[in-house]
Amino acid sequence: MRIHRGGPLAAGLALCLGALTACNDSSGASTGEPATPPAAGAPTTPAGKSPAAAEDDASPLDGKVIVIDPGHNGGNADHPSEINKKVKIGNGSKACDTTGTETKAGYPEHAFTWDVSNRLAKLLRARGAKVTLTRKDDKSVGPCITERAAIGNKLHADAAISIHADGAAASGHGFHIIEPISIGRNADMVSGSTELGKALRDAYHKGTGIPYSNYLGKNAIDRRDDLGGLNMSTVPKVFIECGNMQNKSDAAKLSSAPFRQRIAESLAKGFQQYLD
């Protein structure tokens with residue numbers, strides 16, 4: 001984010017209700033014994049599952065509203081006047097948006113954040129969450145950082161994340177979470193954001209193996225009051241710098257599609273832990 005150019009549960013196993021009936025028997029043979037009916041007053045569960053198994057199937061993400069903000073946008077660099085216009089962020093003004101950074105091989109941050117965000121959205125939706133992305137593609141301009149925050153506010157999101165990759169000195173490596181500091185208007189979301197940040201940090205570290213940042217933050221947590229996406233949010237929200245694109249080792253991971261899937265899976269686990 002730093003460089004600105006121009007800016008198991010197994011699937012429901014069918015249970016054999018007859019004592020000698022074969023499950024999935026290719027011949028379709030059956031002893032013809034009738035299934036034993038449930039005892040009177042016994043709890044009923046879907047697909048013949050035990051009450052415990054049915055309870056386990058209930059995801060903590062069912063019905064939860066999550067907003068994913070893929071940092072930057074692919075068209076930003078070609079529209080400097082639009083992205084450089086100033087917007088109010090609660091305690092000052094900043095540019096509407098920025099272009100982001102890229103690896104030395106030319107893989108841009110905006111493409112990375114778009115890919116990871118869509119992978120994450122797919123995983124969360126599969127677990128029952130209602131997911132909204134703050135931008136519709138990777139070739140448009142913006143939206144402004146204030147508009148991105150407003151989307152989560154309007155939807156009364158249970159949690160929100162802004163996904164980025166850093167552009168620090170090449171010697172720096174690792175990831176960090178950025179949490180909000182209260183500026184007054186966002187005071188009610190700060191404690192929730194702290195809990196969300198810890199859940200995502202722990203899940204990301206465990207799932208990806210990327211170490212804590214060695215150049216910023218403490219134990220991969222940085223707190224700031226100069227980001228419009230956090231200052232203007234009224235729902236629990238954090239940023240994640242998934243690694244340093246200027247660092248050779250980090251860049252190789254972030255440029256790998258299989259690793260980006262791993263990133264998405266780790267973040268999905270973090271949301272599940274936070275919302276459980």
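Which strands does helix 5 lie across? The points below take this up, along with the rest of the fold.

1. Basis. This is a predicted model, in which local features need pLDDT of at least 70 and side-chain atom pairs count only at pLDDT 80 or more, while totals for chains, interfaces and linings use all residues. Residues are numbered from 1 along each chain as its sequence is written, and side-chain values use heavy atoms, with hydrogens and water left out.

2. Overall content. The chain has eight helices and eight strands (DSSP runs numbered from the N terminus: H or I of at least four residues for helices, E of at least two for strands). Of its 276 residues, 47% count as buried (buried is under 20% relative accessible area, exposed over 50%, partly exposed in between, with a 1.4 Å probe and protein chains only).

3. Six strands make an open, mixed sheet in the order 4-1-5-8-6-7 (two strands pair if DSSP finds at least two bridges between them). Strand 4 (130-133) and strand 7 (221-224) are the edge strands, each pairing on one side only. On average, neighbouring strands are turned by 25° against each other, direction ignored (axes are lines fitted to C-alpha atoms, for helices over the stretch in contact, and angles run from 0 to 180 degrees between N-to-C directions).

4. Pairing around strand 8. Strand 5 (residues 159-166) and strand 8 (residues 237-244) are parallel and share six bridges. Ile163 has Ile240 of strand 8 as its bridge partner. Strand 6 pairs with strand 8 in the antiparallel sense over three bridges, and here Ile177 stands opposite Ile240.

5. Strand 6. Five of its five residues are buried. In a regular strand the side chains alternate between the two faces of the sheet. His176, Ile178 and Pro180 point one way from strand 6, and Ile177 and Glu179 point the other way. Four bridges join strand 6 to strand 7 in the parallel sense; the partner of Ile177 in strand 7 is Ile221.

6. Helices on the sheet. Helix 5 (residues 187-208) lies across strand 5, strand 6 (176-180), strand 7 and strand 8, and runs at about 175° to strand 6. Helix 3 (residues 109-126) also packs on the sheet, touching strand 1 (65-70), strand 4, strand 5 and strand 8 (contact means heavy atoms within 4.5 Å). The direction of helix 3 makes about 145° with that of strand 5.

7. Helix 5 with helix 8. Helix 5 and helix 8 (residues 257-275) pack at about 140°, with axes 8 Å apart. The two helices are therefore oblique to each other (under 35 degrees is roughly parallel, over 145 roughly antiparallel, 65 to 115 roughly perpendicular, the rest oblique). Residues in the contact include Gly192, Leu196 and Ala199 of helix 5, and Phe259, Ile263 and Gly270 of helix 8.

8. Two aspartates. Is Asp69 buried or exposed? Asp69, in strand 1, counts as buried because its relative accessibility is 4%. Its contacts, not counting residues up to four places away in sequence, include Ser117, Arg148 and Lys237. Asp226 is in the loop between strand 7 and helix 6 (228-231) and is partly exposed, at 29% relative accessible area. Asp226 and Pro180 are 46 residues apart in sequence, and their C-alpha atoms are 8.7 Å apart.
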